[in-house]
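Please walk me through this structure in a short report. Keep the sentences brief and the headings plain.

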Amino acid sequence: MPDVLQGAGVSPGVGAGPVRTIAGAVPEPADDRHGVDQHRGDADSERATALAALEAVAADLEERGERAAAAGNTDGRDVLNAQALMARDPGLADGVRAKIGEGVAAARAVFEAFGVYREMLAGAGEYLAARVTDLDDIRDRTVARLLGLPMPGVPESDEPFVLAARDLAPADTAVLDPAKVVAFVTEEGGPTSHTAIIARTMGVPAVVALPGAASLPDGTRVLVDGTAGTVRLDPSDEDVTAARAAATARSSALAEFAGPGATADGHAVPLLANIGGPKDLEAALANGAEGVGLYRTEFLFLDRATPPSDAEQEEAYRKVLEAFPEGRVVVRTLDAGADKPLAFLPAPGEAPNPALGERGVRMSFRHPDVLSAQLAALARAAAGLTAKLQVMAPMVTDAAEAAWFAAACREAGIEHPGVMIEVPAAALRARDVALEVEFFSIGTNDLTQYACAADRQVGGLAHLQDPWQPAVLDLVAPAAGAGIPCGVCGEAAGDPALACVLVGLGVTSLSMSAPSLPLVRAALARHTLDDCRQAAEAARKARTTTQAREAARTHLPALTDLGL
Ligand code: PEP
Ligand code: MG
């Protein structure tokens with residue numbers, strides 16, 4: 001293996017530490033009733049082994065629950081305790097005993113006994129069906145223990161570590177302790193994958209699309225540079241010190257630009273933060289966010305079997321609105337499905353391509369009760385507060401869908417409805433859609449995915465998930481010119497050069513992960529609106545992503561001085 005591996009740097013900064021890998025899926029134990037997998041007649045000892053494994057899994061879940069509670073995460077403890085109870089279910093133990101009595105080996109007996117429960121739950125309505133995920137997790141843990149395989153899920157570690165995986169699911173990252181993870185490296189995932197977004201929100205350096213990331217041996221020391229996209233194996237102390245010093249020098253150079261976002265000639269461009277919940281407010285405020293431009297509410301719903309109660313939702317929304325008494329807060333209604341699967345809202349059937357299936361606002365058509373509960377909680381949360389609440393729907397395709405959503409908002413007492421522009425059809429007919437709502441927010445992550453027909457979760461297609469694609473800029477232009485305020489909240493807004501181009505295209509606000517705010521603030525402050533317009537024109541005239549980047553930068557000379 002070379003000393004330095006190259007991937008796509010998607011979250012800036014430097015992190016060094018030992019690698020801990022998220023183990024891959026636990027395989028189904030062979031159904032080999034007449035072969036080597038049988039327990040060869042010693043049913044009692046096989047039963048004892050199986051039940052001891054279930055008990056060990058239960059004890060481990062409880063112990064992790066206590067640690068979660070000690071860190072203030074009592075919801076996490078409740079979920080883990082409920083899982084421990086399932087592992088100790090007497091009916092399950094009876095099922096395992098019976099299977100072993102038929103001659104089946106311990107791991108296979110556990111797998112089959114869980115299968116019976118799984119079917120019962122899956123057929124018992126939406127809420128119970130969601131418990132299937134929890135059940136599968138306990139089954140996989142028990143089977144892994146019995147077969148001597150690595151435990152699935154996020155690894156445990158006493159010291160800070162670099163998390164390596166094939167890819168990270170939102171549910172994996174939701175339980176991460178940010179103090180423990182110094183960097184992410186994944187084999188899959190592009191610049192707009194959820195690994196990338198979460199890493200940027202947490203301020204953790206990350207490299208995705210890194211060949212071999214998932215097979216890095218556990219414990220290997222690495223130095224991750226999330227700006228250059230490199231991972232150095234076994235770095236010297238000097239390598240680590242030099243990389244850290246360079247990263248610190250850059251952030252202190254940028255710290256001198258403060259205040260609201262504006263170009264050098266005073267054209268205001270509000271700089272807003274993308275957040276997943278109240279826990280991200282601190283970083284948003286510390287980086288000078290003027291408000292929230294994208295509140296991804298599905299993060300409140302992740303990693304849980306039942307939706308949050310109305311009161312819980314209201315509290316989570318109010319906390320965010322209270323943080324910006326003079327600003328705006330743009331809340332996106334639930335964007336479930338595809339890369340953000342929610343246990344309690346399973347996609348109907350197995351869509352062959354979930355990204356083109358029922359997700360975003362399409363899920364709200366199917367579950368209007370979930371949408372109206374969310375809108376009502378938002379209206380209650382905003383009552384009596386001074387922040388301007390704007391609410392937008394994800395994945396809107398045309399004017400009819402926009403009108404449906406605006407009507408639902410008005411019925412709930414939400415005064416400022418908007419839509420995300422992430423489907424090319426909506427971008428192309430932005431003038432029609434603009435007649436129905438008050439504002440747009442362009443989701444360049446999905447817009448790029450759909451414009452380039454490149455699944456944002458596939459690492460091998462990272463080069464096609466590039467919002468510098470002139471075709472994507474051609475889709476931004478009509479939305480920005482449709483006559484209503486139009487922000488950008490996709491990851492493109494956090495790229496300092498592209499942020500200038502977007503402003504040049506007529507975009508009126510930019511929303512990004514908090515750590516990108518100082519970079520974009522500095523880039524805008526050093527260029528005039530006319531520079532931005534020229535950069536935009538040059539980028540749109542280019543024929544490739546590389547040429548678009550280069551052409552734009554010739555009109556944005558201060559980027560180089562700023563080290564951006
Ligand atoms: C987008 O698609 O650009 C966006 C901001 O939404 P998400 O990344 O959550 O899909
Ligand atoms: Mg999106």
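M395 sits in the loop between strand 12 and helix 15 (399–411). This is a predicted model, and M395 has a phi near 60° in it, a positive value in a residue other than glycine. Is M395 buried or exposed? M395 counts as buried, because its relative accessibility is 1% and the cut-off for buried is under 20%.

A209 is another case to look at. A209 is not a glycine, yet its phi is positive, at about 50°. Its loop runs between strand 6 (206–208) and strand 7 (221–225). A209 has a relative accessible area of 16%, so A209 is buried.

Look next at strand 11, residues 328–332. Four of its five residues are buried, so the strand is mostly covered under the cut-off of 20% relative accessible area.

Which strands pair with strand 11? One is strand 10, residues 292–296. Strands 10 and 11 run parallel and are joined by three bridges. Within this pairing, Y295 has V331 of strand 11 as its bridge partner. Another is strand 12, residues 388–393. Strand 11 pairs with strand 12 in the parallel sense too, over five bridges. Here R328 stands opposite K388 in strand 12.

## Helix 8

Helix 8 covers residues 194–202. How many of its nine residues are buried? The count is eight, and the helix is mostly covered. The buried residues are H194, T195, A196, I197, I198, A199, R200 and T201. Just after helix 8 comes G203, with a positive phi of about 70°.

## Q449 in helix 18

Q449 belongs to helix 18, residues 444–451. Q449 has a relative accessible area of 5%, so Q449 is buried.

What does Q449 touch, leaving out residues up to four places away in sequence? Its contacts are A355, R359, A454, D455 and R456. Take A355. A355 and Q449 are 94 residues apart in sequence. In space, their C-alpha atoms are 9.1 Å apart.

## Cavities

The structure holds three cavities of 30 Å³ or more. Helix 18 gives the most, with three residues. Sorted by class, the lining of the largest cavity has seven charged, four polar and three nonpolar residues.

The second largest cavity has a volume of about 60 Å³. Which residues line the second largest cavity? They are T333, L334, L345, M363, S364, H367, V370, L371 and Q374. Helix 13 (361–366) and helix 14 (368–382) are the elements that supply two or more of the lining residues. The largest share, three residues, comes from helix 14. By class, this lining has five nonpolar, four polar and no charged residues.

## The second largest pocket

Now turn to a pocket. The second largest pocket holds about 970 Å³ of space. It is lined by 34 residues, and G9, T227, D495, P496 and R549 are the closest to its centre. By class, the lining has 14 nonpolar, 13 polar and seven charged residues.

Which element gives the most to this lining? Strand 2 does, with four residues. Strand 2 (8–11), helix 20 (496–504) and helix 23 (545–554) each supply at least two residues. On the level of domains, domain 1 and domain 3 each give at least three residues to the lining of this pocket.

## Domains

How does the domain assignment divide the protein? Domain 1 is made of 4–19, 155–169, 176–191 and 208–238. Domain 2 is 43–147. Domain 3 is 264–528. The centres of domain 2 and domain 3, taken over C-alpha atoms, are separated by 38 Å.

Methods. Residues are numbered from 1 along each chain as its sequence is written. Chains are lettered from A and ligands numbered from 1 in the order in which they are written. This is a predicted model: local features need pLDDT of at least 70, side-chain atom pairs count only at pLDDT 80 or more; totals for chains, interfaces and linings use all residues. Side-chain values use heavy atoms; hydrogens and water are left out. On a 1 Å grid over the protein atoms alone, a cavity is a set of points where a 1.4 Å probe fits but cannot get out, and a pocket is an open set with protein on both sides within 12 Å along at least five of seven lines; lining residues have an atom within 4 Å of a point. Grid points are joined across faces, edges and corners, and a volume is the space filled by probe spheres set on the points. Ala, Val, Leu, Ile, Met, Phe, Trp, Tyr, Cys and Pro count as nonpolar, Asp, Glu, Lys and Arg as charged, and the others, Gly among them, as polar. Domain bounds come from an automatic or database domain assignment. Buried means under 20% relative accessible area, exposed over 50%, partly exposed in between (1.4 Å probe, protein chains only). Two strands pair if DSSP finds at least two bridges between them. Contact means heavy atoms within 4.5 Å.
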